[in-house]
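Reader: I am new to reading structures. Could you take me through one part of this protein slowly?

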Amino acid sequence: PPWERRAVGDAGVEVQVGQADFSKEWTTAELLPDLKNGLKERKYERGRRMYAEALCIKCHYFNGAGTEIGPDLTSAPFRLSTRKILESIIEPNKIIGDPYSTQLLTLRNGEKTSGRILCETNGKYQFAPDPAKPGDFVDVHKDSVISVSKSTTSIMPEKLLRSYDREEILDLMAYILSGGDPGDKIFQREP
């Protein structure tokens, strides 16, 4: 396949981005039995590469690197069940936590725009149309807004795992569940 090579920020992992040979619409029900049986003898480097390829680091803080546009994944295994973590990846629109939701503004001129309201001051919203770039915001006068509603769509892409096979997804889950620790028992070979 035609692959394009590029490095991904603080992850320090060179990844392949381009057309994949594999495509599948994964469900939680298909992958959960593998996770319930316990992850054993997973491949750390592949999990780390999958994390970089999926561009998780662009929105999530994890193991000392990344950003906080989405939830911090370092503590995810202590806060959420394995099922909830998997569901959040496969079905990002199912539950969107308030700090990570976007808003839909309906303006008096008939336009609709989505993004994140950063704050309200002096009769204006500081509004980031691209939640991945909170430093790039515009001031929207509150009197030009007819309504503000919570978006039902997550900024996390749907079908994120469709180009990965089962083993790659399990290694990605192992990487997240281990907190990025290559010495975790998940990655150890059994005698």
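Reader: Which residue in β9 is the bridge partner of Q103? Please take a close look at that part, and at what lies around it.

Author: This is a predicted model, where local features need pLDDT of at least 70, side-chain atom pairs count only at pLDDT 80 or more, and totals for chains, interfaces and linings use all residues. Residues are numbered from 1 along each chain as its sequence is written, and side-chain values use heavy atoms, with hydrogens and water left out.

The bridge partner of Q103 in β9 is K150. Strand β5 covers residues 103-107 and runs antiparallel to β9, with 5 bridges joining them. Two strands pair if DSSP finds at least two bridges between them. Strands here are DSSP runs of E, at least two residues long, and helices are runs of H or I, at least four residues long; both are numbered from the N terminus.

Now take S151. S151 sits in the loop between β9 (145-150) and α5 (166-177). S151 is buried, at 17% relative accessible area. Buried means under 20%, exposed over 50%, and partly exposed in between, with a 1.4 Å probe and protein chains only. S151 touches I96, T102 and Q103, leaving aside residues up to four places away in sequence. A contact means heavy atoms within 4.5 Å. The side chain of S151 also reaches the backbone nitrogen of T153 at 3.1 Å.

Step back to the sheet. The open sheet has 5 strands in the order β8-β7-β6-β5-β9, with antiparallel pairing. Strands β8 (138-141) and β9 stand at the edges with a single partner strand each, so one side of each has no neighbour in the sheet.

Next, the cores. A nonpolar core is a set of buried Ala, Val, Leu, Ile, Met, Phe, Trp, Tyr and Cys residues joined through side-chain atoms within 4.5 Å. The largest has 31 residues; L35, L39, Y51, L86, L161 and M173 have the most contacts inside it. Helices α1 (28-36), α2 (44-53), α4 (82-90) and α5 each supply at least two residues of this core. Helix α5 gives the most, with 7 residues. A second, separate core of 7 residues includes L105, Y125, V140 and V145.

Last, the whole protein. The protein has 5 helices and 9 strands. Buried residues make up 36% of its 191 residues.

Key
Polar contact = N/O pair within 3.5 Å; in protein donor to acceptor, adjacent residues only side chain to side chain.
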